[in-house]
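Student: I would like a close look at a single part of this model, a strand and the partners that flank it. Please then carry the description on to other parts, with the criteria stated as you go.

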Amino acid sequence: MLAQTHIKQQLDALRHDRTLGFVRLRVACEVNSFLGWLNAQPLYPRIYWHARGEERPEYVALGRIHELTDPAHIARVCANTQASQVDSPRYFGGLAFDPDQPPQGENPWQGFGPCRFVLPRIELVRRGECVSLCLNLWFDEHNREAELAAGHQALAALVPEAPLPPLTPQQWRRRDNPDMPEWQQLVSTVTAPDFQTNTPKVVLSRESRLEGADVNPWSLLARWAERAEQCFRFGFQFEPDHGFIACSPERLYRREGRHLFSEALAGTIRRSGDEALDARLAAELLSDSKNRLENRLVHTDILHRLAPLAHDITLTEPRILKLRLLQHLKCDIEAELHPEVCDWQLLAALHPTPAVGGAPRESALAFIRAREPYDRGWYAGACGMLSRETSECSVAIRSARIDPGAVTLFAGAGIVAGSEPAAEWAELDNKIANVLSLLG
């Protein structure tokens, strides 16, 4: 690849340079399919990130210089980089839904951990029509030769993009956890008047394991993304046999300098494919007291948690977010952060939101820990990109874990007063229908 030759020349020029700290080398290159290029590479971790909105940059991240595995260390994303440097490191990764909860029994999330943000060795970046291949280096007083050698080794390992393996129909057996009787009991418990007095909302969830399904995670994500307009698309493969992918409609937050964007996404109704009927369904969603309550609990909690960290906080009226098969209630939130507020504070304050946990947070999480019969892991976690200038995290709903011989789909529903078990179960099915249809 010509791009690799050019970037190796830049790398060799650094041999006698005395620059310390983070350095990013970049050259223009030609790549059509980012996922096809990613799937061809032998380096791990393999990470894909494309924020909601086609104008947003698209990223592939490969390999690692180092990583953050403790939420308290996320502050280093800002602290380790001098403001005078042109480039700052970008970390890609995520937090589990409940980082403080130790895994119980056999851990299907082995390798993901409660927190894992990676500073990659290689990045592929698309901004508009421009594609860049980047090599990241971090020099200290003693590691220059080792970093130069590691850079050459990573570049030498890169191979050209290749077509993704086809996504073929699968023969699988589905196992839901909790099953329908367990679900009915959970919903009945949460909606009981005595429980509602202290905890008006709990987001209950389900994993649907498709045993016998054997798919390439990047092939599935590519097909899924075609049906997922207005969604964040991302995936993580920390080791060859396990992957986690998502096409999520929900933003946790986006930070541009001191300016913050967040949202309350809660309240759901189906789409029919008929424009007139969808309009009536949207009007029904906007006027439905149960769904308005669910959304209000979310945005009230977010505003309360942002209050110590920001000023000039604004909230829009609920509007409809239309997806391929579903419609959601969405309120947009903007704010100006106080000086010195960093991403680790935002993550600690906002994650998990009541849209995926419940309200109040502490009592809802306590119920989920005690009663939900599986480990959510990174489902409903916070996944994204952190950097000095701009950070953005999505809530990892509409997601799937891919293991050898199985695909596990996840879905949740906000349970409040008036929730009915059968209707909420049907909502879970609607939320996984999109990806299920791709698997045959």
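In strand E22, which residue is the bridge partner of arginine 401?

Tutor: The bridge partner of arginine 401 in E22 is threonine 408. The model is a predicted one, in which local features need pLDDT of at least 70 and side-chain atom pairs count only at pLDDT 80 or more, while totals for chains, interfaces and linings use all residues. Residues are numbered from 1 along each chain as its sequence is written, and side-chain values use heavy atoms, with hydrogens and water left out. The element names refer to DSSP runs numbered from the N terminus, with helices (H or I) of at least four residues and strands (E) of at least two.

Let us begin with strand E21, which spans residues 399-403 and has 5 of its 5 residues buried, so it is largely enclosed by the rest of the structure. Here buried stands for a relative accessible area under 20% and exposed for one over 50%, with partly exposed in between (1.4 Å probe, protein chains only). From E21, Ser399, Arg401 and Asp403 point one way, whereas Ala400 and Ile402 point the other way, and all are buried. E21 pairs with strand E12 (residues 242-248) in the antiparallel sense over 4 bridges, and in that pairing glycine 243 has isoleucine 402 of E21 as its bridge partner. Strands are taken to pair when DSSP finds at least two bridges between them. With strand E22 (residues 406-415), E21 is joined by 4 bridges, and these two strands run antiparallel. E21 and E22 form a hairpin with 2 residues between them, and glycine 405 in the turn has a positive phi of about 75°.

Beyond E22, the loop between that strand and helix H12 (421-438) holds glycine 418, which counts as exposed at 60% relative accessibility. The C-alpha atom of glycine 418 is separated by 7.0 Å from that of threonine 191, 227 residues apart along the chain.

A helix can be described in a similar way. Helix H8 (residues 275-287) has 13 residues, which at 1.5 Å a residue should span 18 Å, and the 19 Å between its end C-alpha atoms agrees with this; the expected span is 1.5 Å times one less than the number of residues. The buried residues of H8 are Asp278, Leu281, Ala282 and Leu285. Because they cover an arc of only 105° around the axis, they lie on the same side of H8, the arc being that of the directions from the helix axis to the C-beta atoms. The face turned away from this buried side carries the exposed residues Arg280 and Ser287. The cover over the buried residues of H8 includes strand E14 (259-270), helix H9 (289-306), strand E16 (319-322) and strand E17 (326-337).

Within H9 lies asparagine 295, a buried residue with a relative accessible area of 1%. Its side chain reaches the backbone oxygen of alanine 264 at 3.3 Å. Leaving aside neighbours within four places in sequence, asparagine 295 is in contact (heavy atoms within 4.5 Å) with Ala264, Leu265, Ala266, Leu329, Lys330 and Cys331.

Aromatic rings supply a further theme. Rings of Phe, Tyr and Trp (its six-membered ring) pair if their centres lie within 6.5 Å, and planes under 30 degrees apart count as stacked, over 60 as edge-to-face and the rest as tilted. By this rule the count comes to 18 aromatic pairs. Phenylalanine 22 and tryptophan 138 form an edge-to-face pair, 5.8 Å centre to centre with 65° between the planes. Phenylalanine 22 lies in strand E1 (residues 21-28) and tryptophan 138 in strand E8 (residues 130-139), so the pair ties together parts that are 116 residues apart in sequence. Phenylalanine 22 is buried at 4% relative accessible area, and tryptophan 138 counts as buried at 16% relative accessibility. Ring pairs also link a cluster whose members include Phe244 and Phe410, along with Trp49, Trp109 and Tyr374.

Conventions. Polar contact = N/O pair within 3.5 Å; in protein donor to acceptor, adjacent residues only side chain to side chain.
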